[in-house]
Amino acid sequence: MPRALWWLLIGMVLNVTGGSFLWPLNTIYLHEQLGQPLAVAGAVLMLNSGGSVIGSLVGGVLFDRIGGFRALLVGACSTVVASAALSVWHGWPHYAVFLALLGIGSGIVFPVSSAYAGAIWPEGGRWAFNALYVAQNLGVAVGSALGGFVASYSFSFVFFANLLLYVAFLLIVVVGLRRIPLLPPPKTKRAAEVKTSTSRAVGWALALLCVGYGLCWIGYVQWSTTIAVYMREFHLSVRQYSLLWTINGALIVLAQPLLSRVIRRFMPGMKRQMVIGFAIFAVSFAMLFGADSLGEFVASMVVITIAEMVVWPVIPTVVNELAPQGKAGFYQGIVNGTAMVGRMIGPVIGGWVADELGMKPLIGLLVAFALLAVAASLLYDRWLPKPVGKAEKKTTATV
């Protein structure tokens with residue numbers, strides 16, 4: 001891999017580690033420390049994700065217009081400023097305001113990093129996105145493990161640790177990527193000659209991918225919102241809950257070789273990979289119907305981790321192939337924004353259903369969402385031209 005990509009990966013490990021100190025504990029902090037009901041906690045997380053949606057779209061446009069380095073610098077500076085304010089003022093309602101601003105900065109970083117990885121190592125294909133995915137989840141594993149430990153002493157320490165890691169990310173961007181200010185690739189004849197029918201087919205494909213991706217994110221985000229509180233009903237500690245995310249990140253990093261062989265053997269093609277991955281999501285949610293102990297929650301977390309390992313890396317890979325040249329940032333911004341929309345409305349939907357109907361109906365709804373994602377992935381390439389469909393079948397995005 002190019003040296004610049006290594007710098008980007010190191011930076012994203014630090015960035016996600018900083019975020020992982022905070023985001024898995026948001027609902028618990030709002031509910032138990034600030035005394036807010038689950039519905040209000042869900043609304044606060046919706047503001048954070050809403051900021052991330054805005055940041056994702058802005059970040060994608062910035063990448064296409066001013067290049068990866070400058071766009072990443074904007075996002076890094078934004079997260080440092082917001083986290084600095086949050087480390088000083090984290091009472092109510094300041095917490096909600098600064099968490100929303102932090103969402104904007106983080107939203108800029110993620111689509112830019114995806115598009116930047118593809119631009120730094122275009123010949124690497126899916127491997128650039130896989131490497132970025134692993135780096136991000138290494139940050140999840142480290143941040144979640146340390147975050148729960150630090151929070152058991154004081155939540156104030158969590159905010160300062162979050163700030164320090166974002167500052168470290170900013171320094172990595174400046175030091176490691178300053179001399180590689182990649183500009184967006186020029187528009188080529190290919191982009192200018194795309195027929196209206198083909199463009200519309202690509203639009204439908206992107207829309208269906210986003211639907212499936214967003215629905216599964218609505219379910220996935222419940223692990224850091226309603227399921228986090230649900231586990232507390234069984235007298236499981238914050239440290240035990242954080243252990244789930246440590247398992248999640250460690251499994252993603254350590255199980256790569258085995259899962260790569262499984263995907264090559266049983267999932268030849270990105271479409272099949274998405275269908276199977278979304279189906280595994282449905283299984284993982286169904287396992288929660290009878291969960292009432294740490295071991296059962298761990299089992300469900302392991303299954304959903306396998307699902308995300310299958311699905312999450314393939315989405316930006318497909319989107320990168322669909323995007324016209326010069327629009328990679330914009331397309332990555334759309335798909336990342338879709339994930340943020342799922343994270344935005346997920347806590348509100350989950351909080352309302354859990355408060356009004358209980359956890360069992362919510363779990364049933366999550367299974368239904370995952371099955372709808374399966375249907376979307378089955379249909380996404382229905383209107384694509386045959387040459388694109390054939391090329392897609394020959395490519396397998398492995399993790």
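**Inside the chain**

Modeller: Buried residues make up 57% of the 399 residues in the chain. Buried means under 20% relative accessible area, exposed means over 50%, and partly exposed lies in between (1.4 Å probe, protein chains only). This is a predicted model, in which local features need pLDDT of at least 70 and side-chain atom pairs count only at pLDDT 80 or more, while totals for chains, interfaces and linings use all residues. Residues are numbered from 1 along each chain as its sequence is written, and side-chain values use heavy atoms, with hydrogens and water left out.

Confidence comes next. pLDDT is the predictor's confidence in each residue, from 0 to 100. The chain averages 82, and 89% of the residues score at least 70. Two stretches call for care. Residues 183–197 have a pLDDT below 50, with 18 contacts in the model beyond near neighbours in sequence. Residues 388–399 also stay under 50, with 39 contacts beyond four places in sequence. Contact means heavy atoms within 4.5 Å.

The chain has 18 helices and 0 strands. Both are DSSP runs, numbered from the N terminus: helices are H or I, at least four residues, and strands are E, at least two. Take the contacts between residues at least 6 apart in sequence: 85% of them join residues at least 24 apart.

The largest nonpolar core has 123 residues, and Trp223, Phe281 and Phe297 touch the most other members. Helix H5 (residues 94–120) gives this core its largest share, 12 residues. A nonpolar core is a set of buried Ala, Val, Leu, Ile, Met, Phe, Trp, Tyr and Cys residues joined through side-chain atoms within 4.5 Å. Look at Phe297. Leaving aside neighbours within four places in sequence, its contacts include Trp223, Ile227, Tyr230, Met231, Leu288 and Asp292. In soluble globular proteins, nonpolar side chains tend to be buried together.

Helix H15 (residues 314–322) is mostly covered, with 7 of its 9 residues buried. Among them are Val314, Ile315, Pro316 and Leu322. Thr317 in H15 is buried too.

Asn15 lies in helix H1 (residues 3–22). Asn15 counts as buried because its relative accessibility is 2%. Beyond four places in sequence, Asn15 touches Val109, Phe110, Tyr166 and Phe169. Thr225 sits in the loop between helix H9 (196–220) and helix H10 (226–232). Its relative accessible area is 4%, so Thr225 is buried. Thr27, Leu45 and Pro347 touch Thr225, not counting residues up to four places away in sequence.

Finish with helix H6 (residues 126–151), which holds Leu138 and Ala128. Ala128 is buried because its relative accessible area is 0%. Leu138 has 36% relative accessibility, so it counts as partly exposed. Not counting residues up to four places away in sequence, Ala128 touches Leu5, Ala117 and Trp121. Ala128 and Ala115 are 13 residues apart in sequence and 9.9 Å apart in space, C-alpha to C-alpha.
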